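Subject: Structure handover

Hello,

Please read the notes with the coordinates open.

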Amino acid sequence: MKIAITGGIGSGKSYVCRLLEEKGIRIYDCDSAAKRLMRTDSLLQQQLTGLIGPDTYMDGVLNKAAVASFLLQSKANAHAIDAIVHPAVERDFRQSGYQWMECAILFESGFHRLVDRVVVVTAPQQVRLQRVMDRDHISREKALQWMQQQLPQEEVVRRAHYCISNDGIEPLEPQMQRLLEHLEDIRNGIDNQSGNIQ
């Protein structure tokens, strides 16, 4: 059974993943994998250079400024980059042997097709905004702009199987324990129903 952890910017998804890894669960990080593949996959490098231009790589090193400039010019450009990078990440995940993945844009990328269960980490908008502002040292307006580029949290919750609340009030440990017990029940054929773990 393959499981994805997702959640919007500032939800604390990566923090929850770190806690799960402390329990011995290996989690494939889609964002890190994309960056690694853009550095190391020769086919991906050829495709990106063909799309963006000869300045994409300088002496074999990814030119982040050139990629960012191209990406921010239009949504079509961003989609064109995704159309190259996402299939490479999908192939890499399929070959990785991992059962768990962490993916911020799970539904936008179509990676939800690769898993059996989706866990979303949530937090109130104000909490998420403050976390992003503190972490990245940016304005509230900028943090809100980034948040609005992702699927609304309510939509992700609607499409997920389980919800972990990371609001800073409800303890995470009991929620994760219930999730792991529920997934084990499913593996053992005890409970084949999906539903939110609250």
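In the largest nonpolar core, which has 32 residues, Leu 48 and Met 101 touch the most other members. Bear in mind that this is a predicted model. At least two residues of this core come from each of helix H2 (30-40), helix H3 (42-52), helix H4 (64-73), helix H5 (75-96), helix H6 (106-109) and strand S6 (117-122). The most is given by H5, with six residues.

Setting aside residues up to four places away in sequence, Leu 48 touches Met 38, Gly 53, Thr 56, Tyr 57, Ile 81, Ile 84 and Val 85. There is also a second, separate core of 19 residues, and Leu 20, Ile 27, Ile 164 and Leu 172 are among them. As background, nonpolar side chains in soluble globular proteins tend to be buried together.

Overall figures

The protein contains ten helices and seven strands. Along the principal axes, the C-alpha atoms fill a box of roughly 55 × 40 × 30 Å. Of the 198 residues, 43% are buried. Among contacts with a separation of 6 or more, 67% are between residues 24 or more positions apart.

The accessible surface is about 10,900 Å², and carbon and sulfur atoms account for 50% of that. As for charge, there are 23 positive and 25 negative side chains, and the centres of the two sets lie 2 Å apart.

Individual residues

One is Asp 59, with a phi of about 55°. Asp 59 sits in the loop between strand S3 (57-58) and strand S4 (61-62). Its relative accessibility is 82%, so Asp 59 counts as exposed. The other is His 137, where phi is near 55°. His 137 lies in the loop between helix H7 (125-136) and helix H8 (140-148). With a relative accessible area of 72%, His 137 is exposed as well.

Arg 113 belongs to the loop between H6 and S6. Is Arg 113 buried or exposed? Arg 113 counts as exposed because its relative accessibility is 52%, and the cut-off for exposed is over 50%. Apart from neighbours within four places in sequence, Arg 113 is in contact with Glu 90 and Arg 94.

Regards

How values were computed: Residues numbered from 1 in each chain as written. Predicted model: local features only at pLDDT ≥ 70, side-chain atom pairs only at ≥ 80, totals over all residues. Heavy atoms only, no water. Core = buried A, V, L, I, M, F, W, Y, C linked by side-chain atoms within 4.5 Å. Buried < 20%, exposed > 50% of the residue type's maximum accessible area, 1.4 Å probe, protein only. Helix = DSSP H or I, 4+ residues; strand = E, 2+ residues; numbered from the N terminus. Contact = heavy atoms within 4.5 Å. Areas by Shrake-Rupley, 256 points an atom, 1.4 Å probe, with all protein chains shown as cover. Lys, Arg positive; Asp, Glu negative; His and termini not counted. Charge placed at Lys NZ, Arg CZ, Asp CG, Glu CD.
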